[in-house]
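Please have the sequence and the picture in view as I speak.

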Number of protein chains: 2
Amino acid sequence: MSGFWYTEKQTPNLGYSCKFTKTLHTETTPFQELAIIDTEQWGRMLVLDNMVMTTINDEFVYHEMISHVALNTHPNPKKVMIIGGGDGGAIREAVKHPSVEKAVLCEIDGRVIETSKEYLPEIASALFGHPKVEVLVADGVKHIQENAGEYDVIMVDSTEPIGPAEGLFALEFYKDVYRALKPDGIMVAQTESPFVNADLIRRVFQDIQSVFPVTKLYTASIPTYPSGLWTFTMGSKVYDPEQADLSKAPDIETRYYTPALHKAAFQLPRFVEALTKKD
Amino acid sequence: MSGFWYTEKQTPNLGYSCKFTKTLHTETTPFQELAIIDTEQWGRMLVLDNMVMTTINDEFVYHEMISHVALNTHPNPKKVMIIGGGDGGAIREAVKHPSVEKAVLCEIDGRVIETSKEYLPEIASALFGHPKVEVLVADGVKHIQENAGEYDVIMVDSTEPIGPAEGLFALEFYKDVYRALKPDGIMVAQTESPFVNADLIRRVFQDIQSVFPVTKLYTASIPTYPSGLWTFTMGSKVYDPEQADLSKAPDIETRYYTPALHKAAFQLPRFVEALTKKD
């Protein structure tokens, strides 16, 4: 095929189009529309409900930045939970940390896992029987409610706050996450773009701040997500990510994350900083 | 009009589309195709040769980051030159600095200036007879060659490295810029996206580094530019932007730039850092 374009309507007024050579897979799962296409610009791409989730060429940014910032802030993360993240990218990064003994993936849509293993094996590499990895096809909200005091780090690697992920952006959920963490645990959630989702970021930040003693927002540049500027919100019971002693961080090969960038990512543009302040 | 979309082909394989309500102006100047459209997402937009140059809603990022980093690194910038920048955004920021006595804009295409004044007056505000501002409709390359030792800061606020701006990405030009600067002068140039123009960034960095004792790359997030992650390359004769004493920086109202972000912007993602290293 040539001359075929995939277009995500990132907002009602903004379109993001990638030329693609092949539709490798499409299906309607019990939860969402799922597609894998092969794009010229970004390589293979996972699309859920017509939104770009991840691509071979830029996935490293999101997956390194959702995982290493929290895992290097915690001095000794042993047990890690990823809610969502069925493509396997976040858990692949998590198990690189020598201290991590167990990483549990709780993805509601098993078809995302299976399709990623088939078409995106570079991203899903830790889902093929890795000794540290446990995969649950289950509702993350429920799993969190049933596992108090279990985890050192919980990552909320969700889709947009519509459809199956809606419950992952709610105050009650953050309270459950707090309870599922050990007394010095850390949570991190992807929290969308300050250029297009400012209200969501403001609301989620306040919700997490009402639950966790240390709440911080940080950014990363993800070219295939709306506006390219993405935020993550961290809630921590004890450790401050900006004060972390990164000289002790494990030596993990990365393409985006560096210890210096870990600290720099918390230095927000002024209009983003404003979203973290109470009116 | 409704249902009308403007699409920039950011690369042969990537399209960026904005819904627009009105075409306010189109013309073919002696140098390029020029258009002003009113978009739903970003407000009024300046388009040159079918590439988004600036928009009302996100222009603050580019214009603050091309100007304040250099102007706050220099301890006493008095005379500033902007090459290109006919929309007026960079010079608007430059004249906010109390130390700046004169800011010269040298734009090759007078129609960009006039059209920006008519349709983008918020951006072009300093072009309406500001006492510190001198506007030249002339070839920046030539002007720089004829003004040795004149400037404290020179900003290269160019379009893409094709068409009228080609000469602004050449080694010979950086040598001329060096000569046009005072003995402690600083230059800064917009140098495209590391996700789509890696080779250009690598080449320009090495060229500027062959001319200036201090050469540094920094980034900013510009949603309407390809990939959203943008770089600027700074060449400095004496001052290091990472060592600047920003406690003495003037108190200028900004929406993106902060003194902390000034330093953080030089902490590069690892794959971008790699573009600044010799092979």
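This is a predicted model: local features need pLDDT of at least 70, side-chain atom pairs count only at pLDDT 80 or more; totals for chains, interfaces and linings use all residues.

A:Gly140 is buried, because its relative accessible area is 6%, and buried here means under 20%. A:Gly140 has its place in helix α4 of chain A, and if we leave aside its neighbours within four places in sequence, A:Gly140 is in contact with A:Ile83 and A:Cys106.

Now let us move to A:Asp139, which is found in the loop between β8 (133–137) and α4 (140–145) of chain A. Is A:Asp139 buried, exposed or partly exposed? With a relative accessibility of 33%, A:Asp139 counts as partly exposed. Once its neighbours within four places in sequence are set aside, A:Asp139 is in contact with A:Cys106 and A:Ile108, and you will recall that A:Cys106 was also named among the contacts of A:Gly140. A polar atom of the side chain of A:Asp139 lies 3.0 Å from the backbone nitrogen of A:Val141.

An unreviewed UniProt entry places the feature "binding site" at A:Gln32, A:Glu107, A:Asp139, A:Gly140 and A:Pro164. Of these residues, A:Gln32, A:Glu107, A:Asp139, A:Gly140 and A:Pro164 are included in the lining of the second largest pocket.

That brings me to the largest pocket, which holds about 440 Å³ of space. Of the 33 residues that line the largest pocket, those closest to its centre are B:Gly84, B:Gly85, B:Asp157, B:Ser158 and B:Thr159. Several elements of chain B, namely β4 (43–48), β5 (51–55), α1 (59–73), β6 (79–84), β7 (102–107) and α4 (140–145), each supply at least two residues of that lining. Which of the elements gives the most to the lining of the largest pocket? The answer is β5(B), which contributes three residues.

Finally, a word on how the two chains are arranged. In general, two copies of a chain are related by a rotation about an axis and a shift along it.

Key
Residues are numbered from 1 along each chain as its sequence is written. Chains are lettered from A and ligands numbered from 1 in the order in which they are written. Side-chain values use heavy atoms; hydrogens and water are left out. UniProt positions are given in the numbering used here, feature names are shortened, and annotations may be inferred rather than shown by experiment. On a 1 Å grid over the protein atoms alone, a cavity is a set of points where a 1.4 Å probe fits but cannot get out, and a pocket is an open set with protein on both sides within 12 Å along at least five of seven lines; lining residues have an atom within 4 Å of a point. Helices (H or I, at least four residues) and strands (E, at least two) are DSSP runs, numbered from the N terminus. Buried means under 20% relative accessible area, exposed over 50%, partly exposed in between (1.4 Å probe, protein chains only). Contact means heavy atoms within 4.5 Å. A polar contact is a pair of N or O atoms within 3.5 Å; within protein, one must be able to donate a hydrogen and the other to accept it, and residues adjacent in sequence count only if both atoms are side-chain atoms. Grid points are joined across faces, edges and corners, and a volume is the space filled by probe spheres set on the points.
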